[in-house]
Amino acid sequence: MTTRLMQLSMQPLTLTGTLYLASDIHLGPSIMRTNQAFYRFLKEAEAKADALILPGDIFNVWFGDDVALRNPQPWLAEALEAFRACAKKIPVHFIHGNRDFLIGQQLCQYLGVQLLPAETLIRSDAGLLYICHGDEFCIDDVRYMALRRKLRNPRIQALFLSLPRTVRQAIARYARSMSQRSQRKVAAAKQNQGAKIAQGSTRSHAQDLVANKQDMTEADSRHLQTDLQSTTPVDDVNDDVNKAAHRQGDISDDITNLYYDVNEPAIEQALRAVQAKLGELPALMIHGHTHKPALHRLPTLGIPRIVLPDWDLDHVPQQPRAGFLKIEKKSVSLLPWENDTITPIYLSL
């Protein structure tokens, strides 16, 4: 826990007025409906918000600022311009996610946005906010957390980003092949799950995965889907990698989300550390990552924990998912964006 808490700045950033938050948009070349909906959301934020905070997985994959800013593909050029336009009107803040943790200062300076610590404190009109992507609290997934620590090591990242472009392309092709292999395993596991349900079996799919080592475990899925692809370059092969990642996400999200959620005792430990340093507890804890939008209350502290929705208007167009959090002085609202599949949540303060 000590290593993880080092990513938290104990000096709150003050942001007043109306705040918008959105995460897990997963911008990429194969989700044009989602991309365009998000660009319209940025326009809305420009007009109605005083600041915008994006807590991670803004992009589906990110492989280094230098590659992205040199002759970006049309979809990426459009995304960068949308961020630049928004940042000229209101303050825009990025937080790393598990897919785009290689976003660096070069990109942020180009866009005019501020890169915040992985775990950030915001002093708002609604009180003290604790904001992060959320994967840092999925500590029950031991294998994922071990890999996460390695991938977030600054020395490893610096070494990786120093690799020649051709080497990065080779890694991207390898990531794509592993994604396709993972996709086949998950599809088979999902088919087995459906067969068990059809047969009226009382044995859970989770038990089946534990019993059969050849099936794909949740940790395997995260290892392949989340972390290998989070180091995929935004270059000539990025289109294929993004499409593979999104195809796999369709199949695996339903399965992986059955297993590891955030660990609430770990969250409460982090909030108590804030209290020890600042003399006060955060009024709200906000994260994304799990794709399970909801309002929870931490079991011991009773502090509201708000989970942001993911964005996907492409894979199942008749059931679009997109939403954002609106924070004002006396209220917090979790709202859908251009869809009616997310139930609004309102919290009075």
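## Contacts and overall make-up

Residues 24 or more positions apart account for 71% of the contacts with a separation of 6 or more in the protein chain, a contact being heavy atoms within 4.5 Å. The structure is a predicted model, in which local features need pLDDT of at least 70, side-chain atom pairs count only at pLDDT 80 or more, and totals for chains, interfaces and linings use all residues. Residues are numbered from 1 along each chain as its sequence is written, and side-chain values use heavy atoms, with hydrogens and water left out.

The protein chain has twelve helices and 13 strands; these are DSSP runs numbered from the N terminus, with helices being H or I of at least four residues and strands E of at least two. Of its 349 residues, 54% count as buried, where buried means under 20% relative accessible area, exposed over 50%, and partly exposed in between (1.4 Å probe, protein chains only). The accessible surface comes to about 15000 Å², and 51% of that belongs to carbon and sulfur atoms. These areas come from the Shrake-Rupley method with a 1.4 Å probe, and for residues only the protein chains shown count as cover.

## The seven-stranded sheet

An open sheet of seven strands runs in the order β5-β4-β3-β2-β11-β12-β13, with mixed pairing; two strands pair if DSSP finds at least two bridges between them. At the edges are β5 (114-115) and β13 (345-348), each pairing on one side only. Helix α2 (residues 32-48) packs on this sheet and touches β2 (19-21), β3 (51-55) and β11. The direction of α2 makes about 165° with that of β2; angles run from 0 to 180 degrees between N-to-C directions, and axes are lines fitted to C-alpha atoms, for helices over the stretch in contact.

Strands β11 (residues 323-327) and β12 (residues 331-336) are antiparallel, with five bridges, and a hairpin of three residues joins them. Within this pair, F324 has L335 in β12 as its bridge partner. On the other hand, β12 also pairs with β13 in the antiparallel sense, over four bridges, and here S333 has Y346 in β13 as its bridge partner.

## The β9-β10 hairpin

Strand β9 (residues 294-297) pairs with strand β10 (residues 304-307) in the antiparallel sense over four bridges. R297 stands opposite P304 in β10. Six residues lie between the strands of this hairpin, where G302 takes a positive phi near 75°.

L295 belongs to β9 and is partly exposed, with a relative accessible area of 32%. Its C-alpha atom is separated by 5.9 Å from that of R305, ten residues apart along the chain. Not counting residues up to four places away in sequence, L295 touches P304, R305, I306, I345 and L347.

## Nonpolar cores

The largest nonpolar core has 46 residues; such a core is a set of buried Ala, Val, Leu, Ile, Met, Phe, Trp, Tyr and Cys residues joined through side-chain atoms within 4.5 Å. Residues with the most contacts inside this core are L27, F38, F59, F83 and F94. Two or more residues each come from α2, β3, α4 (74-89), β4 (92-95), α5 (105-111) and α6 (142-151), and α4 gives the most, with eight.

F94 touches L54, I58, F83, I103, C108, L111, V113, Q114, L115 and L116, leaving aside residues up to four places away in sequence. A second, separate core has 20 residues, including L15, L116, I286 and L347.

## Helices α2 and α4

The axes of α2 and α4 come within 9 Å and cross at roughly 10°. That makes the two helices roughly parallel, as angles under 35 degrees count as roughly parallel, over 145 as roughly antiparallel, 65 to 115 as roughly perpendicular and the rest as oblique. On the α2 side, M32, N35, Q36, F38, Y39, L42 and E46 meet W75, E78, A79, A82, F83, A85, C86 and K89 in α4.

N35 in α2 is buried, with a relative accessible area of 0%. N35 touches L27, G28 and W75, again not counting residues up to four places away in sequence.
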